[in-house]
Amino acid sequence: MASSAFKISPAQGLSIVIAALILGSAAMVAAWADGFALAPADWQALRFTLLQAGLSAAVSSLLAIPVARALFRRRFPLRGLLIRLLAAPFVLPVVVAVMGLLTVFGRGGPINVGLGWLGLPEVSIFGLHGVVLANVFFNLPLATRMLLHGWQAIPSERFRLAQSLGLPPSTQFRHLEAPMLRAQLPGIFAVILLICLASFAIALMLGGGPKASTLELAIYQSLRFEFDLGRAALLAAVQFSLCAVITLLAAKLTLPQGFGAGLGRSMDSPAPKSWRRLCDVVAIAAAALFLFGPLLAVVIKGVPGLAALPNGVWPAVLRSVVVAVVSALLASAAALIMATGAARNKGKAIELAAMLPLAASALVLGTGLFLLVRPWIAPESVALPITVLVNATLTLPYLFRLLLPEARQLRADYGRLTASLGLPRRTRLRFVTLPRLARPLGYGAGLAAALSMGDLGVIALFAGDGGATLPLFVQHLIGAYRLQQAAAASLILVAVSFALFWAFDRLGSYYADA
Amino acid sequence: MLTLERLVLSQDDFLLTADWSVAAGEKVALIGPSGAGKSTLLMALAGFLPPAQGRILWHGADLAGVAPGDRPLTILFQDQNLFPHLSLAQNLGLGLSPTLRLTPDQAAQIDATLAQVGLAGMGGRKPGQLSGGQQGRAALARALLRARPLLLLDEPFAALGPALKAEMLDLVDEVAQATGAAVLMVTHDPSDAKRFADKTLLVADGVAHPPVPTVDLFANPPQALRDYLG
Amino acid sequence: MHGFSIADQFRRNLEKDMNTKLLAAGLACIASQAAAETPTLTVLTYDSFTSEWGPGPAIEKGFEASCGCDVKFISAGDGAALLARVKLEGKDSKADVVVGLDTNLTADASATGLFAPVAAQPNSLPVPFSDANFIPFDWGYFAFVYDKTKVAVAPTSFAELAASDLKVVIEDPRSSTPGLGLVLWVKDAYGDKAPQIWADLADNIITVTPGWSEAYGMFTEGQADMVLSYTTSPAYHLIAEQDDTKAAAAFTEGHYMQVEVAGKLASSQQPALADQFLAYLTSDAAQSVLITTNWMYPAKTPAEGLPKGFETLVQPAKSLLMTAADAEAARAPAIAEWQAALSK
C-alpha cells in the first residue's frame, strides 16, 4: 500500500500531462506578457458569463428530469431512435445551430407567426433569454442522456421490489429516483455550467449587444486585436479558477449512490397510468419539438444547395473525419484510464485534471501550443496533429463525466471479485472494464467525434494552404457570399457528425450486448 | 496452515482481535451476532483490509502485501460472485486462466466442472438467466477450478431455502474434499455449523475466539453464544 | 484544385507529414537540396484569401508564371489574427510577404519594426494614401446593405436609421474588422457626439455578431432588415447570382473605408522576390482577380475598367478614412464609448 504512493499510475500520469498542456499553454502566453491588468469591462463580462451559464445549467438540468424520466419508463415506437437523436443538437456546430434556432424562434419563424395569429406581439430571441434558450437547446439533450443513464443504472430489481411492495410512484421516486438524482444532478449541472462558461459564440450572436460579453470574448479580443497577452493569460487564469472551484464543489456534492449491482436482467417495469402518462407524453413531445425543429430547419435549408456543392468539399470531409475519429479514440483511451483511475483513488486530483479542459480557453490553448511548437517545427505542418490533440483534450471532460459514475459503480460492485481473482490488467480491461463501460464509452466517443467535426477555433492559427477542415470550408463559402452552398455544406457537416456519433454509439451498444 | 497471530483489525471505531490457527483441510464455521465482525475477518484474510496489528500467516509466511488474487484462497461473497455480462464458461474460465485464453483442455475441464456441480450444458448462459441456487453452484464450480487450499464463504447461500442450502453445503463439502481445502464459513444458522463444520468459532464482543469442536461448543455454549442463540 | 482526387490530396498531406518527420530527425539537408532548385516565396494571409473562391489560387498561378518561383500561402484566421501571428513569430518568421492587414492595424504593425519599407505603387484610391511599409491592394466602403423588396425607403444617415424602426445586425468591433470599421466610421463622422448616435441606434441593433459571416447570414435569413457590410456586397449578388434585390444605403455623413494592404517582412530571405510580388499584386491581372473574388474595389483600376454591374453601386458623397496613427489612437476609446452606450 505504502509503496504505491511513490509510483505514478497511468491515470495520474495523464492528469499531469493534461494539467501541463493546459496550464503550460497559458503559462507560455503569460511568459510573453509585459503587464497584467483586467479592465472594468472584464468584471462585467465575468458577471454576465456566470449569470448566463448558471441560468442555462439550471434550466437544462431541471427540464431534463421530466424528459429523462418519461423516456425511462415509457415504451413507444421509435423510442430508441429518439434517444439516439437526442445527441444531435449537442453535436451541431454552434453557428449552424444558431441559424436553425433563428429560423424557428426568430423573425418570421413559426413561433412568432403563431403569436401573430393569436394577436400577440412578436418576441425577439435576442437577449439573455435567447442565450439561455440556445444553451438549453445544446445542453438539455446532454443532461437528459446523462440522467437516463442514471435511471438505467438503478437495478431493475429495485423497481420490481418497489412495485411488488405496491409503493406509489411518489414513494418510488423518493426512495429510488431521488437518491439517483441527488447523486447525478450536481455533476450534470457542473458540466453544463462549465460548457456554458466558454460559450463565446452563442452569447455573442444572440446576446443582443456588448453587455452580453463573456470571458472568452474578452480573451479573443485581447489575443487577436490588442495582442495583450498579459490580459489574455490573466483572463484564462480567472476562467481556470472558476472551473476548479465549480469542479471541486460538484465533486463534494456528488454522493455515492450505493444501490449495489443488479444482475443485468433486462425487464420493463409497468409504468404508471392516467395523468402521469399524459405528463410523460407532453414532456417527450415538447422536448422532441424543441430539439428537432431547428434541426429540421437546417436540413430544409441545406438540401437545395447540395447539387451545387464544389468538389473541394470531399477532401475537407475526409480530413475532418480523420481528425474526428483519431481525436475520439485518443480522448476515449484517456478518459477510460482517468475514470477508472479516479474511481480507484479517493483524491480529487484526477477528477480535477480531467475537468480542466472544459475551462480551458481554446484560443489560449491554441496560442500557447503555437508558441510551444514554433521553435521546433513549422506550425502549419502540424496543423492536423495539433487539431487532433486539442480536440481530444477539449472533449475529454465529457467522456470522463460519462464514464466516472459507471467506473465507480463497477468498482463498488465488482472491484473485490476482480481483485480476489487476481485478474491481470489486460484481462480486467478486456473482460470486465470494457464490456461494463462499453455503452457510455461508445456514446462518449461518438460525442467526442462529433464535437471534433464541428470545431474550428484552434486550427486558425496553424492553418496552412489547402488543408481546410469542413467547418473552415463552410466558413470560406460564407466568406465568399456562397450562402446556399454554405448551408448545404453545413448540412453535410451535420450529417457526417451525426453519422460518426451514431457509429460509435452503436458500436458501444453492440459491444455491451454481445 | 492458516495462523492469525495476535491479529487486530480496526475499522472506524470497530475493533476485532483474533489469535488462533486453522489446520489444512479443516472446516470451520464462524458464528456470532450480526455486526460482530465475521465478514470483516474474512475480508482481512482475503486481503481487502490490512491488519492494524499482528499478522496473518500461511504456512508461516506473512500474507501482508500479497495481493488478493495471489493469496492461497478463494472467497465467495454474499453476492456479486459472477460477472453478469460474461457467460458461465467465461466466469469459470477466469478461475483457470486470468487472461481467459483457454486451451481446449481447459474448456473441457470447465464443461466437466459445470457438470460436476449440476450445471451441465449451461456454459453459454449468463448469470442473469440462472436461479439463485444455480448461481451459487457456478461460483463454487469456479472455486473448484481454482483449487486454492483455503475457501472462504461469506454467507453466499444465505438467500437460499433450507433444502437448497443443504444441497449447497454438501457441494461445498465435495469441493473441499476434492481440493483438500480448509473452509472458513460465516453463518448465522447453528444448524449449518452443526451439519457442516468440524469446528466452530464464535465472533462476539470484539473477539474472534479460537475454534473449538462444534459438538463441544453447542453442548456447552459460552454466555455470548447463549445470548445469540436466545 | 478540381483536378485532384481525394486520394491525391491525402497522399500529398501524408508526404508533407513525412517531410516534417525527416526534418525533425535531423535529415534537413535532403529536403533542402530538393527545395533549393526554385526559390519559395512564403505569403502570410487570412484564410479566405487562399480558399477556392478567394483570389489566392489565381494570384499564385499568375505570379508563378513569371517569377520562376514557388508561391506558398500560410493562412491565419482573419486580418487581426494575421497581425497577432506576425507578432508571435517575430524576427524568425518564415513568411516574406504579409497580405491582408487593413489601415486600422498598420500603425500597430509598423510599430513592431518587423516590416520593411516598400516602394509605393500607383493607386486609384478616392483618398490620398501613403504608408512607408504598406501598399494597398483593394478597398471598399462600409455600408448597411438591405433588401429592396423588403425595405422600401432606405435611411440616408445614421440619424434616419436611428429614427426608423429598422432592425440591423452589426459585427463586434472587438472581434471583427467590419465592426471596428463601423465604430471608427461613427467616430470619424460624429466625433464627440458619437456616444449619442450609439445610444440612439441601440434599439435598432438586434444583435452584435462575432464576425461578418454570422451577421451576413442572419441578414440573408431575414432576421434583420439591414446588415453592416460593404457597398460592393450587392455586386456579388448582381454579378454572380443575377439577383438585383440587394442594395447598400448611401449615408450623407459619408462612408468609412476599409483599405486592405500588403507589406514585406524585414526578415525576408527573398526581398527582391517579395517586392516583385507586391508589384504584381497591383498589376491589372491581379487586380481583376481581386475585384470578383474579394468583391472589393481594386486599389488601381485595371485598364479594362470595373466589371459590368459595379456602375449600379452607390457612390458615397464623401470618403472617410482616418490615418493609421489616428485610427490607432481612436480605437480603444471609440470601442469603450460603443460598449458603454450599448450596455445601458
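**Ground rules**

I number residues from 1 along each chain as its sequence is written, and chains are lettered from A in the order in which they are written. Since the model is predicted, local features need pLDDT of at least 70 and side-chain atom pairs count only at pLDDT 80 or more, while totals for chains, interfaces and linings use all residues, and side-chain values use heavy atoms, with hydrogens and water left out.

**Entry 1: chain A as a whole**

I started with the secondary structure, and chain A has 20 helices and zero strands. Helices here are DSSP runs of H or I with at least four residues, strands are E runs of at least two, and both are numbered from the N terminus. I then looked up the radius of gyration of chain A, which is 23 Å, close to the 24 Å from the globule rule for 514 residues, so chain A is as compact as a globular protein of that length. That radius is taken over C-alpha atoms, and the rule is 2.2 Å times the number of residues to the power 0.38. The C-alpha atoms of chain A fill a box of roughly 70 × 65 × 50 Å along the principal axes.

How much of chain A is buried? I found that 61% of its 514 residues are. Buried means under 20% relative accessible area, exposed means over 50%, and partly exposed lies in between (1.4 Å probe, protein chains only).

I picked A383(A), which sits in helix α17 (residues 383-420). A383(A) counts as buried because its relative accessibility is 8%. From A383(A) to R439(A) I count 56 residues in sequence and 32 Å in space, C-alpha to C-alpha.

Next came S490(A), in helix α20 (residues 483-513). S490(A) is buried too, with a relative accessible area of 9%. Leaving out residues up to four places away in sequence, S490(A) touches V96(A) and V474(A). Contact means heavy atoms within 4.5 Å.

**Entry 2: chain C**

Buried residues make up 56% of its 344 residues. Among contacts in chain C with a separation of 6 or more, 76% join residues 24 or more positions apart.

**Entry 3: the nonpolar cores**

Which residues touch the most other members of the largest nonpolar core? In this core of 259 residues, they are L147(A), W151(A), L101(C), F144(C), I170(C), W185(C) and W198(C). Such a core is a set of buried Ala, Val, Leu, Ile, Met, Phe, Trp, Tyr and Cys residues joined through side-chain atoms within 4.5 Å. I also noted a second, separate core of 43 residues, including F431(A) and L73(B).

**Entry 4: how the chains meet**

Two pairs of chains touch, and the pair with the most contacts is A and C. Chains B and C share no contact, and their closest C-alpha atoms lie 38 Å apart.

Between chains A and B, 24 residues of chain A are in contact with 25 residues of chain B. The area buried between them is about 2,200 Å², of which carbon and sulfur atoms give 63%. Buried area is the accessible area (1.4 Å probe) that two parts lose on being put together, summed over both. In chain A, R416(A), L421(A) and F431(A) lose the most area to chain B, together 28% of what that side buries. I had already met F431(A) in the second core.
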